[in-house]
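Open the model in your viewer and keep the selection tool at hand.

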Amino acid sequence: MTIITTKKPFEEVLGAIKEAKKIAIVSCGSCAAMCQTGGTEGAKEMAEKLEEKGFEITTVIVPEEVCDNRVMMKDFRKIDEDLQNTDAILTLSCGLGVASIVQTLEKKHPKIPVFIGTNTEFMGMTERIGRFYMRCRGCGDCLLNETGGICPITSCAKSLMNGPCGGMVKGKCEVGNYEEDCGWVLIYNRLKELGRLDLYTKLRPPRDWSESGHQRKVVWR
Amino acid sequence: MGENRIYSKVGEALAKGEFVLTGELEPEKTCDLSHTIQEAKEMAPYVHAANVTDSPLAIVTINSLAASHIIQEATGIETVWQLTVRDCNKIGLAGMIMGAEALGINNVLSLCGDHTALGDCPECKPVFDLDSATLIQLVREMVDKGSINGKEIEHPPKMHVGGAANPNADPMEAEILKIGRKAEAGCEFIQTQVVYDIERTIEFLEGIKKYKVPVFLGIFPMKSYGIAKGFDMFVPGVDVPKEILARWKSVKTDISDKAQQKEAYDQLNYEFFKPFISELKSKNLLAGVHCMAVHYTRIFPKLVDVIKA
C-alpha cells in the first residue's frame, strides 16, 4: 500500500510560502519517493526551483517515513540548529506527513509554519511505478467479504450499497463519459464467476456513517 | 397493494386491476410553472397521474416536491413525485416525505438520480446516503410502521412508492436481480426506462415477473424526426431502431405541410406502439404504461387508444 501523492503546481506552492525566506525541506523517503513527488530526487528538484526563485534552503532531510512521529522526533533532533534558522518547512509527503511534523514540533518549534508541496490523492494499489489505483477508501466497515473482493464504496461513483444504478450502460459508468467500469457490474461478474450471486441479490442497508463524523483513530495500547 | 392501503388514484387503479397510464412533466429552471401546468391540464383527462421530475441529468430545476404540489393544486392531476437520493441524506429525504404528505402528494418514485458530475453544478458534493432501494424501504417504514429508524411519527405519511427499472440494461441479469432487491424493499410499482426493442423487453419483463411488482412500461413517442434523432444520439443506453428512424425521417422529407407532418408523426407512433403494447399486454407483463414524451401532450388521446388494445 502506498499513499498516492501528486505534485501541486509550483506557483501554488510559491503562493503558500511567499512570506518565508529560509526554507527547510522535509521529503518523505517512503510513499512520496515511490510516487516521485518526494524522496531524494523530489527534494533536490524542489530545492533547486526554490533557490532559483531566491529562497534560501536551510536544510533538506529525507526521513524514512514522515508520517511516523518516532522517526521525525529522531530526525528533527539532528537538524535542530537548522530549524532555529528556518522560517518555514516545506513538506514533500502526504497530508499525514504534515500532521506528523506539526505534532512533533509543536513543543519545540511551535512558530514554524509547515507547508505541503503535494496533493494527497488516495491509498493506492500499485500496478507498477506510475500506475496507482484507488481500490479502498478506508471506510472502516469493510464489505469485501460480501462483494467478491471488489469494493462498492470505492468502485461505484455513487458509493451505492445496492447498485448498479440507471447510469450504467453496457457495464460502464455514466461518470467519466462511459469509459470507466461500473463497480456494481464488476461485483456482479465476480460473484457470478464465484457462484455466489446469492450475495449479489442481498438487499443491503445504508452505510452507517455514525463513526465518520469525527477523526477516526485506532488506539489499542 | 391491498384495499386497506390505497392512498392515491394510482394505488386504486392497481388495486382494481385497471391498466394505468402515467405521463411525465419536466419542470425547468424557473419559478413560474405556467408552461408545465398547461401541459398537465392537457394530459389530465387521459392519465391516472403524471410524474414530476427531480432535476434530471443533475441540472438544477425547481424542486420536484414544490412543483408536484403546485401542479396538483392548479390542475387536479395526481402526481408521482420523483425523488432522487442524490441531493439529500436520510434526514432530508424523510423530512421531505412528511412534507409531501402534508402537501397532498401520495405517490413517490424512488430514484438514484444522475450523478452530480453530469449536471450544471458538477463541483457540488453528491450525497447518495441512501440508494433507490433503501429509499423505498424508508418510505415503507414511514407509511406502514409510522416510524423512522423505529421512532414514531405523530401523523405518518400515506403514499405509494415506486421504483425504476431498465430493460435495456446490459448485463440484463444484474438489473433483474437488482429489481428483486427493490421488491424486497417494498416497491409497489415499477416504471421502466424507455424501450423500443420488444424481444429484449419481453425477456426483461419475464425475468422480473417473479417479483410480482406491477410494471408500467416506459415509452417515448417521438414528436418529430429531430426529437427521434436526438433521443437516439443523446440518451445513453437507449437506441432507437434504424428502421424507426428511417420512417420518421421520411415524414420530414416527404411531407412539407406542417399540419400533415404532425398527423403523420402521431400516426407512426400509434402504429409502432399499438402492437408493441398489445403483445406485452397479451403476455400479462404490464400493469400500465408510462409515457415520457414531454411537450407532446397531443399524443395522449391516441395513447389511450393504444393501451386499450
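Here are the stops, with what to select at each.

**Before you start.** This is a predicted model, where local features need pLDDT of at least 70, side-chain atom pairs count only at pLDDT 80 or more, and totals for chains, interfaces and linings use all residues. Residues are numbered from 1 along each chain as its sequence is written, with chains lettered from A and ligands numbered from 1 in the order in which they are written.

**Select chain B.** Helices (H or I, at least four residues) and strands (E, at least two) are DSSP runs, numbered from the N terminus. Chain B is as compact as a globular protein of 309 residues, because its radius of gyration is 19 Å, close to the 19 Å of the globule rule. That radius is taken over C-alpha atoms, and the rule is 2.2 Å times the number of residues to the power 0.38. Show the C-alpha trace of chain B: it spans about 65 × 45 × 35 Å along its principal axes.

Two strands pair if DSSP finds at least two bridges between them.

**Zoom to residues 118-128 of chain A.** This is strand 6, joined to the antiparallel strand 7 of chain A by four bridges. Finish at Arg128(A): its bridge partner in strand 7 of chain A is Arg131(A).
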